[in-house]
Amino acid sequence: MRIRATVAAVSGALALSAFVAPAAQADSQGAVSLDRPSAAERFGASSARSAFSTAAAAPTVSNVKVNAGKNVVVGATAAKTVTVSLTASHPSGIEDAYIDLWHGTDVDEDVDGFLPPNEEAANCTATSATTSNCKLTITATPGTTGGGVGDLYANALAGTWHVTVGALSTDGEIYWNDYYRTHKVQRLSKLTVNAAPEPVKKGATITVTGKLTRANWETGTYVGLSGQSVGLQFRKAGTSTYTSVKGIKSTTGGALKTTVKASADGYHRFSYAGITSTAPVNAAGDYVDVK
């Protein structure tokens, strides 16, 4: 499914995007048309002096954070709500702010994923007469509930998203940038481990098995992830740090299996570093008593 964005076009950092979540409508080819209001419509046409404010007149924006700088990781069924925030300044003060996430190559022509803020206005706290810290929240929902808006309806949406940032000054000047930065929205991964036999004699062979899976947003399930590099780690009893033992690859269905010699009491676990589309994960350590 492809979402075509309808936007008001201007140049540079003031290219206009939108904020609301209207229903998407499919055309005869199955593509989805999604109307995204302009910055002036987001901030209120009556209060916004001009959607074409010059860079010199526009507010300045800094300290933009999405989910406190951490990747947005979404499981198979549960919606994930994260906080987004920024600091904005203008001689007249700050009235409102805006952040959204969108997926695609061109905000005017190729948008196939859109995560708008939940609020109609940001929660802005003034730190001085000219500067405010502003917060909003964004909710990402796996599957299709909102006709594309706010939905992670396809696994192909996992990866790098664009971050749109906007700010409105008290006297109606607007800053808007649909390409302010990028941020990762990833599929949640899970990792299991079992070390056996237990107890085991020192020097004997321990077989460590497990499984690597990740969220399938399209089916609402977790599916095996094969061909991935996974590390076997060990933490000796009485210590707090895991050390790397060896690396293996997941096989069909995400299956993991390897062997190691029993040396001391301790915990064995698998560790996955993740990829662009999929979050990293560590299995809970499985304790083996070595006699």
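Of which hand is the link of Cys124 and Cys134, and how many degrees are found about the S-S bond?

Mentor: The link of Cys124 and Cys134 is right-handed, with 115 degrees about the S-S bond. Please bear in mind that this is a predicted model. The two sulfur atoms of Cys124 and Cys134 are 2.1 Å from one another, and the count of disulfides comes to one. The pair links distant parts of the chain, 10 residues apart: Cys124 belongs to strand 9 (residues 123-126), and Cys134 to strand 10 (residues 131-142). The two ends may also be described by their accessibility. Cys134 has a relative accessibility of 2% and therefore counts as buried, the limit being under 20%. Cys124, at 23%, counts as partly exposed.

Leaving aside residues up to four places away in sequence, Leu101 touches Val66, Gly113, Phe114, Leu115, Ile138, Trp161, His162, Val163 and Val185.

His103 is found in strand 7. Its relative accessible area is 13%, so His103 is buried. The side chain of His103 makes a polar contact of 2.6 Å with the side chain of Asp112. Beyond its neighbours within four places in sequence, His103 is in contact with Asp110, Val111, Asp112 and Gly113, and also with Ala156, Leu157, Thr160 and Trp161.

Most residues other than glycine have a negative phi, and most peptide bonds are trans. Asn63, although not a glycine, has a positive phi of about 55 degrees, and a positive phi of about 55 degrees is also given for Asn67. Asn63 is found in strand 4, whereas Asn67 has its place in the loop between strand 4 and strand 5. With 46% relative accessibility, Asn63 counts as partly exposed; Asn67, with a relative accessible area of 14%, is buried.

The bond from Ala196 to Pro197 is cis, with omega near 0 degrees. Another cis peptide bond joins Glu198 and Pro199, with omega about 5 degrees, and Pro199 lies in that loop as well.

Lys291 has its place in the segment after strand 22 (286-288). Residues up to four places away in sequence aside, Lys291 touches Pro199, Val200, Lys201 and Lys202. The C-alpha atoms of Lys291 and Val200 are separated by 6.0 Å, although the two residues are 91 residues apart along the chain. Lys291 has 62% relative accessibility and so counts as exposed.

Terms used: Residues are numbered from 1 along each chain as its sequence is written. This is a predicted model: local features need pLDDT of at least 70, side-chain atom pairs count only at pLDDT 80 or more; totals for chains, interfaces and linings use all residues. Side-chain values use heavy atoms; hydrogens and water are left out. A disulfide is a pair of cysteine sulfur atoms within 2.5 Å. Helices (H or I, at least four residues) and strands (E, at least two) are DSSP runs, numbered from the N terminus. Buried means under 20% relative accessible area, exposed over 50%, partly exposed in between (1.4 Å probe, protein chains only). Contact means heavy atoms within 4.5 Å. A polar contact is a pair of N or O atoms within 3.5 Å; within protein, one must be able to donate a hydrogen and the other to accept it, and residues adjacent in sequence count only if both atoms are side-chain atoms.
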